[in-house]
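Please examine the model shown below before reading on.

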Amino acid sequence: MTPDLRGKTAVVTGSSKGIGYAIAEAFVQAGGSVAVSARNAAEVEEAARRLGERAIGVPCDVRRYADVQRLIARAAEELGGLDVLVNNAGIGTFAPVDEMEPEEWDALMGTNLSGVF
C-alpha cells in the first residue's frame, strides 16, 4: 500500500541518483513534493526535471553549512514548508585508516557525520 503524501514536502540529500533518487521518486509518486539535492548541479537539475512539477533541484554539499541552510530555505519557500528530511548523502573510502590522506578523512567525516547534523 502506497502512503498518501499529498500536501507533504520532503528534502532528500544525495538524491540525484541511486537510492536517494528512488526515495525522491517514491515520495513524488505518493503525491508529495520534493527538493532533490546533491553536489553536482547538473545532475540535481536533471533529477528534478525527471521527477516533474512537484520537484525542485537545489545543489548542496552537506559539508557546507551555508549550502544546507540554502537548501532548507528554498524547499520551505518554493514548496510551502518542510515535513520530511531524508539524510541520504554519504560517501565511502575503502582503505585502511593508516593509508587515508587527511583530505579523504575530512571528506568522509564531513559528509557522513557533520552532514547529518
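The buried residues of α1 are covered by elements that include β1 (9-12), β2, α2 (41-51) and β4 (84-86), where contact means heavy atoms within 4.5 Å. Helices (H or I, at least four residues) and strands (E, at least two) are DSSP runs, numbered from the N terminus. The structure is a predicted model, in which local features need pLDDT of at least 70 and side-chain atom pairs count only at pLDDT 80 or more, while totals for chains, interfaces and linings use all residues. Residues are numbered from 1 along each chain as its sequence is written, and side-chain values use heavy atoms, with hydrogens and water left out.

The residues of α1 that are buried are Gly20, Tyr21, Ala24, Phe27 and Val28; buried means under 20% relative accessible area, exposed over 50%, and partly exposed in between, with a 1.4 Å probe and protein chains only. They cover an arc of only 125 degrees around the axis, and therefore lie on the same side of α1; the arc is that of the directions from the helix axis to the C-beta atoms. The other side of α1 carries the exposed residues Gly18, Ile19 and Gln29. An α-helix has 3.6 residues a turn, so residues three or four places apart point the same way. The length of α1 agrees with expectation, because its twelve residues should span 16 Å at 1.5 Å a residue and its end C-alpha atoms are 16 Å apart. The expected span of a helix is 1.5 Å times one less than its number of residues.

Helix α2 can be read in a similar way. Val44, Ala47, Ala48 and Leu51 are its buried residues. They cover an arc of only 95 degrees around the axis, which puts them on the same side of α2. These buried residues of α2 pack against α1, β2 and β3, whereas Ala42 and Arg49 are exposed on the face of α2 turned away from the buried side.

In α3, the buried residues are Asp67, Leu71, Ala75 and Leu79. They cover an arc of only 70 degrees around the axis and so share the same side of α3. That buried set in α3 packs against β1, β2 and β3, and the face of α3 turned away from it carries the exposed residues Tyr65, Ala66 and Glu77. Just after α3, Gly80 takes a positive phi of about 85 degrees.

A positive phi also follows α1: there Gly31 has a phi of about 100 degrees. Gly31 lies in the loop between α1 (18-29) and β2 (33-36) and is buried, with a relative accessible area of 18%. Which residues does Gly31 contact, leaving aside its neighbours within four places in sequence? They are Leu5, Arg6, Gly7 and Arg54. Arg6 is found in the segment before β1 and is exposed, at 61% relative accessible area. Although Arg6 and Gly31 are 25 residues apart along the chain, their C-alpha atoms are separated by 4.4 Å. With the same exclusion of sequence neighbours within four places, Arg6 is in contact with Ala30, Gly31 and Gly32.

Asp61 lies in the loop between β3 (55-57) and α3 and counts as buried, at 6% relative accessibility. Beyond its neighbours within four places in sequence, Asp61 is in contact with Arg39, Asp67 and Val68. Asp67, in helix α3, is buried with a relative accessible area of 14%, and touches Cys60 and Asp61, not counting residues up to four places away in sequence.

The largest pocket has a volume of about 280 Å³. Of the 16 residues that line this largest pocket, the closest to its centre are Gly14, Ala38, Arg39, Ala89 and Gly90. On a 1 Å grid over the protein atoms alone, a pocket is an open set of points where a 1.4 Å probe fits, with protein on both sides within 12 Å along at least five of seven lines, and lining residues have an atom within 4 Å of a point. A volume is the space filled by probe spheres set on the points. The second largest pocket holds about 220 Å³ of space. Val68, Ser114, Gly115, Val116 and Phe117 are the closest to its centre of the 14 residues that line the second largest pocket. Helix α3 (residues 65-79) gives the most to that lining, with four residues.
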